[in-house]
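Hi,

Here is the model I promised to send over. Have a look at it first, and then read on for my notes.

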Amino acid sequence: MRPPARGAAIALGVLALLGVVAVLGPVAWPVDPDHVFDAPMLVSASPSVAHPLGTDPASRDVLARLIAGARVSLSFGLLAAVVALGLGTLAGLAAALAGPRTDRVIGALIDVGLAVPRLLVLIVLTAALGRLPWAWLAVTMGVTGWFGLARQVRSRARALAAGDFARAARALGAGTRRLALRHVLPNIAGTLSAAAVLAFAHAITLEAALSFIGQGVPIPVASWGGLISDGRAQLWTSPWLALAPTLALVTCVVAAGALADAIERASPWGRVESAP
Amino acid sequence: MSDSTPLLEVRDLAVHFHGRAGVARAVDGVSFTVGAGETVAIVGESGSGKSVTALALLRLIEPPGRIEPGSVIRFEGQDLLALADEPMRRLRGRRISMVFQEPMTALNPVFTVGDQVAEVARIHAGASRADAWARAVQMLAKTGIADADKRARDYPHQLSGGMRQRVLIAMALLMSPALVIADEPTTALDVTIQAQILDLLRTLQREAGSALLLITHDFGVVAEMAQRVLVMYGGQVVESAPVRELFASAAHPYTAGLLRAMPRMGARRERLEAIPGTVPPASAWPSGCRFRDRCPFAWDRCATEAPVPAEVAPGHVARCHLVSEPARRAAATTGATA
């Protein structure tokens, strides 16, 4: 094994740090994110020792809400990525290996899925389904986000299945399942993990976009996107309200992008030609 | 060859590729037999249809390729083309197996070689992980790999080309199949390794009692290994004969040309002869005889009438009009040897 690329290590470190904040944050900063501190006045306080990032217009502690938002946004991204990865891998493998008819059906589905703007689909879906709890919203995000991944899996799987070692395996009696599990999947692990990391980042960004038009994770649950949306009205008077969650979201998405990039370039399993 | 039914009987095998630009008749009416334990060589240039024939025997032709109706492949008394997919899959690697040409890419880079040999036992013998591993190591040792138990833990990229070819042979012969197809098994290897690999193939083949269908373009390999030869050109078998007979008296001008193009120890000739031209694409065979554009003896009959297989001597068949025209044939052979 070659040493991991430095970029990948840094990106992974940043994401791990965000994960630690999400998991251990409530222990380090045990403040209820929904608690209203100054009930009658409902003023947005500036940063202070009691509230390092101030309070929002509903007089809630912004740091506590940022930590709560990290929990929601990261779980949201993970859940959406897992769903997209599962569906995309299954569909891509089926298209490549289960025969020309399956390939045509899945191929058409992918073309349509990629042609229709995803944000539009999500807006229509959330409008039709009503306000979904965040986990279901994440599943919906995954269900609408596997098309690109499936296309990648399909083309790589097709090339691998037509390649020498898959053909040799078939000549020795390997069936479709064995072909998929032994000869295709392990050889596209790099592509898959890079695509999954990207799906994670996309889901978080899209949730922020939905929050902006009031269709995101429902209040009072805090997500980074929701916090940005809550804070934008006070951008000139209390900029930290929107800037803190924006910074968190951008850091997370940029780190994920860098990680995906590094995986794709450095992965020993990324390409067929290279050996581990 | 046994006197009863042969191990493998191929009759009128046709494999056509139905592309947008037309139909490529890669294999077109091939018939031959292989007896139990026998070694038969298929010789021909690239594009002659020999590899497609091999893949067709395993039913591994991918669309747009298709084994055409009317083709017959009988193996161990079974009609392979009538067999359902699942029994056909169980046949591959167990009764018929194949050694491929490219040892550098025919192994999966993410698994150890021992694991890949063991996989064959897991597929066919339902062996447990430990049993399969033990069989794999034993088989690798048989292929002459020293410290087989250690080497089995190596990944393909840690082994040389010759070693990898031994691994592929171990995979193909693990189940002692009745028929092993070897597609140019030594072409990608260094000359010094080639003889070793051929020896190994022959030893293991004898031990398992397998028949060997050896695909090659190298008459040296044919002389070394085979009892009978099929010469393919243009998707057809143009000549078939016992090895000695073919070397002594090739009847088809193509075979004669191939033999003259072979370097020979102690030959006084300064330059090797080459057959002029190249194999035409399978979508555009010439009318009549497919070799006529490159044949030094072609006359008008060759353009109008496709030759059918004709017996030259018992067990020796050639697809050439010369066979039925002894006068021309005599002139042609004296002309060729002059």
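**What turned up at the interface**

Between chain B and chain A, 11 residue pairs are in polar contact, counting pairs where both residues reach pLDDT 80 or more. On the chain B side that touches chain A, the elements giving two or more residues are strand 7 (96-99), helix 3 (113-125) and helix 6 (161-173). Helix 3 of chain B gives the most to that side, with seven residues. Sorted by class, the side of chain B that touches chain A has 16 nonpolar, seven polar and seven charged residues.

Keep in mind as you read that this is a predicted model, so please take the numbers below as computed from its atoms.

A bit more on the contact as a whole: chain B brings 30 residues to it and chain A brings 20 residues. The two chains bury about 2,100 Å² between them, and carbon and sulfur atoms give 60% of that area.

How many salt bridges cross the interface of chain B and chain A? The rule finds four. In one of them, the side chains of A:R178 and B:E119 come together at 3.8 Å, N to O. If you set a cut-off on that pair, note that the rule asks for a nitrogen within 4 Å of a carboxyl oxygen, so 3.8 Å passes.

**Salt bridges elsewhere**

Over all chains, a search of the whole structure gives 25 salt bridges.

In chain A, the side chains of A:D164 and A:R167 meet in a salt bridge at 3.9 Å, N to O. Both residues lie in helix 7 (residues 164-171) of chain A, three residues apart, which is about one turn of the helix. A:D164 is partly exposed at a relative accessible area of 28%, and A:R167 is partly exposed too, at 26%.

In chain B, B:R95 and B:E76 form a salt bridge with an N to O distance of 2.5 Å. Where do these two residues sit along chain B? B:R95 is in the loop between helix 2 (85-91) and strand 7, while B:E76 is in the loop between strand 5 (72-75) and strand 6 (78-79), so the pair ties together parts that are 19 residues apart in sequence.

B:R301 is partly exposed at 22% relative accessible area, and B:E305 counts as partly exposed at 36%. Some salt bridges share partners, and these join A:R178, A:R182, B:D115 and B:E119 into one network.

**Chain A in outline**

Chain A has 11 helices and zero strands. Its C-alpha atoms fill a box of roughly 75 × 45 × 30 Å along the principal axes. Of the 276 residues in chain A, 46% are buried. Taking the contacts in chain A between residues at least 6 apart in sequence, 71% join residues at least 24 apart. The accessible surface of chain A is about 13,100 Å², and 72% of it belongs to carbon and sulfur atoms.

**Backbone spots to check**

Most residues other than glycine have a negative phi, and most peptide bonds are trans.

- A cis peptide bond joins B:P63 and B:P64, with omega about 10°. B:P64 is in the loop between helix 1 (50-57) and strand 4 (65-67) of chain B.
- B:D12 is not a glycine, yet its phi is positive, about 50°. B:D12 belongs to strand 1 (residues 8-19) of chain B and counts as partly exposed, at 46% relative accessibility.
- B:S176 is not a glycine either, and its phi is positive at about 45°. B:S176 lies in the loop between helix 6 and strand 8 (179-183) of chain B, where it counts as partly exposed at 37% relative accessibility.

That's everything from my side.

Cheers

Definitions and conventions:
Residues numbered from 1 in each chain as written. Chains lettered and ligands numbered in written order. Predicted model: local features only at pLDDT ≥ 70, side-chain atom pairs only at ≥ 80, totals over all residues. Heavy atoms only, no water. Contact = heavy atoms within 4.5 Å. Buried area = accessible area lost by both parts, 1.4 Å probe. Polar contact = N/O pair within 3.5 Å; in protein donor to acceptor, adjacent residues only side chain to side chain. Helix = DSSP H or I, 4+ residues; strand = E, 2+ residues; numbered from the N terminus. Nonpolar A, V, L, I, M, F, W, Y, C, P; charged D, E, K, R; others polar. Buried < 20%, exposed > 50% of the residue type's maximum accessible area, 1.4 Å probe, protein only. Areas by Shrake-Rupley, 256 points an atom, 1.4 Å probe, with all protein chains shown as cover.
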